[in-house]
Amino acid sequence: MTDHLVLDEYEAGELSVEYDAEEPQEVLKWALERFSPRIAISEGGGAEGMAIIDMASRIRDDVRVFMMDTGRLPQETYDLVQKVQDRYGIRVEMLFPEASHVQGMVANHGPNLMYDSVDMRLLCCQVRKVLPLNKFLHEQLDAWVTGLRREQWASRAEVRKIEIDHDHFGIAKVNPLADWTKEEVWDYIKDNDVPYHELYDKGYTSIGCAPCTRPIEEGEDNRAGRWWWETNAPKECGIHCAIYTGGFEHELHALLGKNGHENGHVEESTPVLTMNDDGVVVNLEDAEHKVPSQ
Ligand code: SF4
């Protein structure tokens, strides 16, 4: 998968140590200087991405931002895109899934396949998010910037501020907020009057597609509102970590019309592993699937 390595392992290791205690703005400044114009900020509606956009726009005026338009986003996400354009003068680059993939998937499994099984949900995420992202990263970027934070979820606990993204061709992945808490993110948003997603004011703590995200209830984890009907399945869509089950890949191969995709990273033999709520790797066949209710 690694085909345009922009940092070697030694340099990436040195940088991750050098910048680990640095403020997000310093990390961003280094990354933008090093990689512009082949670097872009990933924004999906989250407060973290908005804080990063605000910081970056104070460093340079040619900042690139992209978002995956899955076709299932809530209206409030498009409202936020408009606010980014109005406030920062940034035309957000919207990534769309291949129409033929969506048509095939919906024709075979219906529009709400995500509720049928964990594999069907992961198939939808692959078609609507992962494949378009892979294509964009492969063709256009040497580095991408994310709002990942270590405290968000067990699978994110080891995130470094600067790292090689081995799931995406070996390009650089920059996570300036890796050591920030949720409170630090919101302090920045409030202190700098940064626009944010309206659903946060309606009890949402993580922003995603409309059918797969709901407000959390008192005492629940911040990502509990994502794919809330699944138990012991990863609260991930495959963007930030590869997820293999051996189930949805078969469907994906059928949709793609061949045993893989040049930028899709679909492998013939894949492990059936995932992570449960405690960060323990388990067999996906053990994951429970419940009928969703709001
Ligand atoms: S989050 Fe839901 S609607 Fe969005 S791509 Fe994944 S399964 Fe499909």
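A residue is called buried if 20 or more other C-beta atoms lie within 10 Å of its own, exposed if 12 or fewer do, and partly exposed in between, with C-beta atoms placed from the backbone. The structure is a predicted model, in which local features need pLDDT of at least 70, side-chain atom pairs count only at pLDDT 80 or more, and totals for chains, interfaces and linings use all residues. Residues are numbered from 1 along each chain as its sequence is written.

**Exercise 1. Burial and backbone angles**

Solution. 
- Step 1. Most residues other than glycine have a negative phi, and most peptide bonds are trans.
- Step 2. Helices (H or I, at least four residues) and strands (E, at least two) are DSSP runs, numbered from the N terminus.
- Step 3. A cis peptide bond, with omega about 5°, joins Ser36 and Pro37. Pro37 belongs to the loop between α2 (24–35) and β1.

**Exercise 2. The faces of helix α4**

Solution. 
- Step 1. The expected span of a helix is 1.5 Å times one less than its number of residues. For the 14 residues of helix α4 (residues 75–88) this gives 20 Å, and the end C-alpha atoms are 20 Å apart, which agrees.
- Step 2. An α-helix has 3.6 residues a turn, so residues three or four places apart point the same way.
- Step 3. Two residues are in contact if their C-beta atoms, placed from the backbone, lie within 7 Å.
- Step 4. Just after α4, Gly89 takes a positive phi of about 70°.

**Exercise 3. Strand β2 and its partner**

Task: Describe which residues of β2 are buried on its two sides and in which sense β2 pairs with β1.

Solution. 
- Step 1. In a regular strand the side chains alternate between the two faces of the sheet.
- Step 2. Val65 and Met67 lie on one side of β2, Phe66 and Met68 on the other, and all are buried, which leaves both faces covered.
- Step 3. Strand β1 (residues 39–42) and β2 pair in the parallel sense over 2 bridges. Two strands pair if DSSP finds at least two bridges between them.
- Step 4. Within this pair, Ser42 stands opposite Phe66 in β2.

**Exercise 4. Two partners of strand β6**

Task: Identify how many bridges join β5 to β6 and which residue of β6 stands opposite Trp144.

Solution. 
- Step 1. Strand β4 (residues 143–145) and strand β6 (residues 171–174) pair in the parallel sense over 3 bridges.
- Step 2. Strand β5 (residues 162–165) and β6 run antiparallel and are joined by 4 bridges.
- Step 3. Lys173 in β6 stands opposite Trp144, and Glu163 also stands opposite Lys173.
- Step 4. The hairpin of β5 and β6 has 5 residues between the strands, and there Phe169 takes a positive phi near 65°.

**Exercise 5. Arg60 and its surroundings**

Task: State where Arg60 is found and which residues Arg60 touches.

Solution. 
- Step 1. Arg60 is found in the loop between α3 and β2.
- Step 2. Arg60 counts as partly exposed because it has 14 C-beta neighbours inside 10 Å.
- Step 3. Not counting residues up to four places away in sequence, Arg60 touches Leu32 and Ser36.
- Step 4. Arg60 and Lys29 are 31 residues apart in sequence and 8.6 Å apart in space, C-alpha to C-alpha.
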